[in-house]
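Here are some friendly notes to read with the model open beside you. Take the points one at a time and find each place as you go.

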Amino acid sequence: MSKHPQSLRVVITDDEAPARSRIKDLLEDCAGSFPLELAGEAASGRELLALLEETPADVVLLDIRMPEMDGIEVAQHLLKLPEPPSVIFTTAYNDHALKAFELHAVDYLLKPIRLRRLHDALTRVRAITPLRLDVLQQITPDARTHLSVQERGKVVLIPVPEILYLRAELKYVTIRTVVREYLLEEPLSKLEQEFADQFVRIHRSCLVAKAQITGFEKEGGDGGEARWLVTLAGLDEKLPVSRRQQHIVKELGRTVL
Amino acid sequence: MTWLSACSDAIFGLNQPMASINQNRYPNLLPNFRNLGVMLRLIVIVIGMTIFGAALKSANWFDMYDQWLSISALSQPMVILSLLLLGLANGWLHRLDYPLAVAVIVAVEVGIAFLVVIATWSVFTPGTPGLARTGFFTVVATLLVLAYFNLRSRVLSPALTEARLQALQARIRPHFLFNSINAVLSLVRSEPRRAETALEDLADLFRVLMADNRDLVPLEREVELCHQYLGLETLRLGDRLRVEWQVDGMPANALVPPLLLQPLLENAVYHGIEPSMEPGVINIQIFSDRDRVQMLLRNPYREAGSHHTGNKMALANIRERLSLHFDAEASLQTRTSDGHYEVRITLPYVREET
C-alpha cells in the first residue's frame, strides 16, 4: 500500500507532454488543500495499463483523443482490472462525446483545465458511480482497436489486426493469434457486430479475420460429404466452414484472394 | 425583368462600390485576359453565340451550317484580334474604372468588327451584313460576355469570405486552438520565454485567419505563417512531428492566395501525425518551374482516421479560391500512394509588383 493510506493516488494519461506537465502543476497546487499523490504518468493507453500493473491508483485522468487507442476504449480495458480506478476524462474539444458524458453522468474536464474544476472533480471522485462497460460502448460506436483479457490480475492487450480467429467454446471465446490463445469473456455475437468489417462468420461458433485468410480447401469429396476448410496465415490448423456459411467461400474467394 | 436588371447592374457595376475595384488586380469584375482559362471561355462563348445566330437565321440544318460558316468567317478573325489586343492591354484596362474599361472594350470590339467587315468586303459581297447591324451585334455580344465574367467573379467571391469563416469554425479546429493554449499554459511556469513566443505565434496566426483575405500575398509570407503554425504544433507533439522543408528553389515573391498551405499542413498534422505514437515526417517542396509555381506536400497516411470531412472542406475551399484567382491555370491534386498522402498545387508564377 501507499505511504499515505488516505491520500488519493492519481495517474495522468495524455499523449502530449505539455498537457501532462500542465496537469502535474495543477495537482501540486491541489496537494496543498487535500492529500493526493501523483502515482505516475503515461503517454498512451498501453503505457497506462502497464503502469497500473505495478502501481495501483485511485483515479486516472484520461485524455480522450490519443493515438493507437482512444481514451474511451482505454477505459473499457481498465474495467478488466481487479480494482478498476475511477476515470475522469480530459478533452480539448469533442462535442459528440461530451453530450454522451452529460447523458450518462460520466466525469470529464475540459482542457485547458482550471484548478478549481480539477479540485472539485478529485474531491468527489470517491463518490462518483463507477463507469459501466455498456455505457462506454454506447459512447463510441467505433470498433475497438484491441481486445483485452485478464490474466493473473493483469490486463493483456491483443491488437485486433493480430487476431486470426475468435471461437466460442462454452463460457468463453478463444482468441487465436499466431503466437498463442487467450480466453475472453464476451459473447461472440457482440464481437461479430462490433467487428463486422474485419471478421466473417464461417461457422456457428467461429469468426475469422478476413485479412488473414490465405485460401480455401475442399476436404472429403465423392460421397457428397465434401466441406470447405479455411487456411489462415501462419497457422497449420484449418477451420471448417459450415454448410450454412458456404456462400462466404464464393464471396471471399473473389475479394480476399 | 429581374434578370435583365441584374445583368445591366452587372455590366455597369451600378451596385458596386467603385473604390474596392482597383485595389486588387485579382479578382476583378474584368477577367484577366492573359489567363488561358479566360481565353478558352471567351472562344467557347463566341462559338456558342455564332451557332445560336446561325440557328436563328437559317431554315434547315444544311442552311444553318452555311450560315455558321459565313458568320464564323467574320467572328473568328475578330476573336483572334480581340484576344491579342485585350491581352496586350490587360494591365492598362484593369487600372481603369470598371465602366470606362467596359466602354473601351466595347469600342475596341466595334472597331475590330468594322475592320474585319471592311477587309472581307470583297470576299463576301452578297451575304455581308451592313456596318450598322454588325456594330449592334458586336455591342450586344461584348456586353453579354463581360456580364458573364462579372457574374462569375461574384459567384466565386463568396469563397473568399467563407475562407475566413470556415477557418474560424472548422479548418482551424477548435481542437488545435484549445490544445495549443493548453500547451502554452504548461510552459508559463517552467519556460516563460518559450510561452511568450508561442503566444505571439498564435496571435499572428489568428490575425491572418481573421483578416479579409481577398488579396494575394507573397509566397514567403504564407511560408512564414506555416513555420509559426508548425512551431505551435511541435510544442504539443514534440518529437512526433518532423518537418522537412525543401524550398531552396522557392520563388519568394510569387503571389498566392493567403491560407493556401496552412490549412493543408493542419490536415497533414491532424490525419498524418496525431494518430500515431511513432514520429512522422511532413515534407514540403516548393519550386518554380519556368512560369509556374509547384508545391508538393506529403504526409504519412493512416487509414484508421476516416474522418475526412474537415479535409474535404479545406480542399474544396482552396480549389475555389485558386479557380477564382487563376481560373484554369491553377490546379490542386491529391493522391495516396505507398502509405503517403500527397497534395500537389500548380499555379502561375505571378510576381509581386514592386
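At what angle do helix 8 (residues 192–210) and helix 9 (residues 219–237) of chain B pack, and how far apart are their axes? Point 2 has the answer.

1. Before you start: this is a predicted model, where local features need pLDDT of at least 70, side-chain atom pairs count only at pLDDT 80 or more, and totals for chains, interfaces and linings use all residues. Residues are numbered from 1 along each chain as its sequence is written, while chains are lettered from A and ligands numbered from 1 in the order in which they are written.

2. Helix 8 and helix 9 of chain B pack at about 130°, and their axes are 9 Å apart. Helices (H or I, at least four residues) and strands (E, at least two) are DSSP runs numbered from the N terminus; axes are lines fitted to C-alpha atoms, for helices over the stretch in contact, with angles from 0 to 180 degrees between N-to-C directions. The angle therefore makes helix 8 of chain B oblique to helix 9 of chain B (under 35 degrees is roughly parallel, over 145 roughly antiparallel, 65 to 115 roughly perpendicular, and the rest oblique).

3. Who makes this contact? From helix 8 of chain B, the residues include Leu202(B) and Leu205(B), and from helix 9 of chain B they include Leu232(B) and Leu235(B); contact requires C-beta atoms, placed from the backbone, within 7 Å. By class, the contact has 8 nonpolar, 2 polar and 2 charged residues (Ala, Val, Leu, Ile, Met, Phe, Trp, Tyr, Cys and Pro count as nonpolar, Asp, Glu, Lys and Arg as charged, and the others, Gly among them, as polar).

4. Now look at where the chains meet: 15 residues of chain A are in contact with 19 residues of chain B. On the chain A side, 7 are nonpolar, 2 polar and 6 charged.

5. Helix 1 (residues 17–31) of chain A meets helix 7 (residues 174–190) of chain B, with axes that come within 8 Å and cross at roughly 55°. That angle makes helix 1 of chain A oblique to helix 7 of chain B. Among the residues in this contact are Arg22(A) and Asp25(A) on helix 1 of chain A, and Leu185(B) and Arg189(B) on helix 7 of chain B. The classes here are 5 nonpolar, 3 polar and 3 charged.

6. Chain A also holds an open sheet of 5 strands in the order 2-1-3-4-5, with parallel pairing (two strands pair if DSSP finds at least two bridges between them). Strand 2 (36–42) and strand 5 (108–110) of chain A are the edges, each pairing on one side only. On average, neighbouring strands are turned by 20° against each other, direction ignored.

7. One partner to find is Leu109(A) in strand 5 of chain A, bridged to Thr90(A). Helix 5 (residues 115–123) of chain A lies across strands 1, 2, 3, 4 and 5 of chain A and runs at about 175° to strand 5 of chain A.

8. Finally, two backbone details. The peptide bond from Lys111(A) to Pro112(A) is cis, with omega near -5°, and Pro112(A) sits in the loop between strand 5 and helix 5 of chain A. Arg290(B) has a positive phi, near 55°, in the loop between strand 4 (280–289) and strand 5 (292–300) of chain B. Most residues other than glycine have a negative phi, and most peptide bonds are trans.

Conventions. Contact = placed C-beta atoms within 7 Å.
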